[in-house]
Amino acid sequence: MQFWLKGSAYRNVRKKYSVNCWKAKYVNRIRKELSVINSYYVYEHIRNDNGNSFYVGKGHGDRAWIKHRNEKHDKIANEYGMSVRIIYNNLTEEEAFEKENEVITRYINSGYGIDIKGLEGDDEEKFLTNQTFGGAGSVGISNPMYNVSPKERMNSFQYEVWLNKTRTRLESQVGDKNPNWKNDTLRKKLENNPELKNIYYSRKGSQNGRSKKIELYDLSKNYIRTFDFIGECASYVKEVIGAKGGIDSIRANIKHYSDLNKPFLKHYYKII
């Protein structure tokens, strides 16, 4: 694993460890120091075979050095090896989202493909495995493809392939080809039971059958309390512990650090 460090704070870290910065025994030390130096940063994953970027993201702590993203990303990382390059650092979360979107868009404009329908490109060696344009998911008008039709963003061949696949998929789901054709069991069950209908269509938090309880511990692993679902825990972390950023980001960090069995904001989290 190799590090490209930019900015005075990063240069100081690299100077401190000198040529040893790539050695495995120094990786945890560097990660720890970087997590203190910055809050959020924008990074990219570099293919070791050709030096091209294949993923751009925003992160906090050791996020950039966690290998797994999606199937295409992981295939490239495992087959060719990867390195981490920090592009921007010392950012707020909002700035990181903005810079992430900026970097991805810049790559696309320079001829890179991306794992988004119609924008895959023809050069497999210049391809981003991102599945959005970054920037908090690039929803609505923040997405550069907002209000651009499939026909406008694809060449004629790609559009015909996409159109035929879409038609075939839709034709296989209509009428008696739909596996739920004339199956009104659920409708009958709910229409005469407003209370059950309300629960079924609004299963939030602890009402969601897939939700899991979260136990909170201090740094000495003394039990503090239990939350019925992760959203409730995230709200507590934001309002009581004082976490910065959005609820979705805090939820993700709780899940991430729980999986690693490492503290987040001086607390341990256990998903049960």
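**Charged side chains**

Tutor: The side chains of Glu-102 and Arg-106 form a salt bridge, with N to O at 3.5 Å. A salt bridge is a side-chain nitrogen of Lys or Arg within 4 Å of a carboxyl oxygen of Asp or Glu. This is a predicted model, where local features need pLDDT of at least 70, side-chain atom pairs count only at pLDDT 80 or more, and totals for chains, interfaces and linings use all residues. Residues are numbered from 1 along each chain as its sequence is written, and side-chain values use heavy atoms, with hydrogens and water left out.

Student: Which helix holds both Glu-102 and Arg-106?

Tutor: Helices (H or I, at least four residues) and strands (E, at least two) are DSSP runs, numbered from the N terminus. Glu-102 and Arg-106 are four residues apart, so about one helical turn separates them, and the helix is helix 4 (residues 93–109).

Student: Which residues are joined with Glu-102 into one network?

Tutor: Glu-102 is partly exposed at 30% relative accessible area, where buried means under 20%, exposed over 50% and partly exposed in between (1.4 Å probe, protein chains only). Arg-106 is partly exposed too, at 43%. Salt bridges that share partners join Glu-102 into one network with Lys-99 and Arg-106.

Student: Is Asp-115 buried or exposed?

Tutor: Asp-115 forms a salt bridge with Lys-72, their closest N and O atoms being 3.0 Å apart. The pair links distant parts of the chain, 43 residues apart: Lys-72 is in helix 3 (residues 71–80) and Asp-115 in the loop between strand 5 (113–114) and strand 6 (127–128). Lys-72 is partly exposed at 40%. The relative accessibility of Asp-115 is 16%, so Asp-115 counts as buried.

Student: What is the relative accessible area of Arg-47?

Tutor: Arg-47 and Asp-49 meet through their side chains in a salt bridge of 2.7 Å, N to O. Asp-49 is partly exposed, with a relative accessible area of 40%. Arg-47 is buried, and its relative accessible area is 6%.

Student: Where is Glu-125 placed?

Tutor: Glu-125 gathers with Asp-122, Asp-123 and Glu-124 in a patch of negative charge on the surface. Patches are made of residues with over 30% relative accessible area and no salt bridge, like charges being joined within 9 Å. Glu-125 is partly exposed at 44%. Its place is in the loop between strand 5 and strand 6.

Student: How many salt bridges does the structure hold?

Tutor: The pairs above include Asp-49 with Arg-47 and Asp-115 with Lys-72. For the structure, the number of salt bridges is eight.

Methods:
Patches are made of residues with over 30% relative accessible area and no salt bridge: like charges are joined within 9 Å, nonpolar side chains (Val, Leu, Ile, Met, Phe, Trp, Tyr) within 5 Å. Accessible areas come from the Shrake-Rupley method with a 1.4 Å probe; for residues, only the protein chains shown count as cover. Lys and Arg count as positive and Asp and Glu as negative; His and the chain ends are not counted. The place of a charge is taken as NZ of Lys, CZ of Arg, CG of Asp or CD of Glu.
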